[in-house]
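Hi,

Here is the structure I promised to pass on. Have a look at it first, and my notes follow below.

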Amino acid sequence: MSDIDELINKLAQDTAITKRAPHPFMLSAQWMGAAVIYLPIALLLFGARNDLSSKLHDFWFMAEIISLIGMAIATSFGAALLSYPDLHQKQRVAFAPVVALALFMAVMFLAWRADNPPVPLPVHTYECTRSIILISLLPGAVLLYMMRKFASTHYLWAGSIALLFAFSIGALWERLHEQTDSIVHVVAWHYLPMIGFGIVGMWLGKKLLKW
């Protein structure tokens, strides 16, 4: 009995202040703000495509870029919500990345249909995937590190969405950097590797976010 009383007294005297976790909107905004800074720096270091100013008037190119940005926003917010054990009472919104991914796939399908006659394939192949992964490593590592501070109960999905956010930033950089308009090439070497990146994210989520 004395042990219980001692424990109660100890807990009552514990006045440590716990810092309140930020709202998911704020968390997502911080990550997107960091991406907005990171992307131009990467373009300054490695260069943007020479015809970027003219490509900004290309309907399907801009539709692709906008849908990529939308996916980055959706995955950043999804990762923020999935960092909380109760998804911050927004279970449906947490799966917004699925909708964003579906819209992105629809845009790419329509862009592929509009690519007639098809633009010739570039001479390179997997180099694009490698570049996207290299650009994605930093935001992916930072995001997973920050998410470890929370208590996700959906660690597989959280890790996957986190890496999809990082990959979307890398893919956006590559699209603004690489001088190619072949939709077949872009789909094969820019976007299909997202599947593998998402699977790796699930593995990392189990290793790093499980508590």
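**Salt bridges around Lys55**

Lys55 forms a salt bridge with Asp58, with 2.9 Å between the closest N and O atoms; the term stands for a side-chain nitrogen of Lys or Arg within 4 Å of a carboxyl oxygen of Asp or Glu. Before you go further, bear in mind that this is a predicted model: local features need pLDDT of at least 70, side-chain atom pairs count only at pLDDT 80 or more, and totals for chains, interfaces and linings use all residues. Residues are numbered from 1 along each chain as its sequence is written, and side-chain values use heavy atoms, with hydrogens and water left out.

Lys55 is buried at 9% relative accessibility, while Asp58 is partly exposed at 27% (buried is under 20% relative accessible area, exposed over 50%, partly exposed in between, with a 1.4 Å probe and protein chains only).

Lys55 also pairs with Asp181, the closest N and O atoms being 3.0 Å apart. (Helices are DSSP runs of H or I with at least four residues, numbered from the N terminus.) Arg49, Asp51, Lys55, Asp58 and Asp181 are linked in a network of salt bridges.

**Helix H4**

Another salt bridge joins Arg175 to Glu64, at 2.6 Å between the closest N and O atoms. Arg175 is in H7 and Glu64 in helix H4 (residues 59–82), so the pair connects parts 111 residues apart in sequence. Both Arg175 and Glu64 are buried. H4 itself is largely enclosed by the rest of the structure, because 17 of its 24 residues are buried.

**The largest pocket**

The largest pocket has a volume of about 390 Å³ (the space filled by probe spheres set on grid points joined across faces, edges and corners). A pocket here is an open set of points on a 1 Å grid over the protein atoms alone where a 1.4 Å probe fits, with protein on both sides within 12 Å along at least five of seven lines; lining residues have an atom within 4 Å of a point.

Of its 18 lining residues, Leu101, Met105, Tyr191, Met194 and Ile195 are the closest to the centre. Helix H5 (96–114) is one of the elements giving two or more residues to the lining, and H5 supplies the largest share, seven residues.

Best wishes
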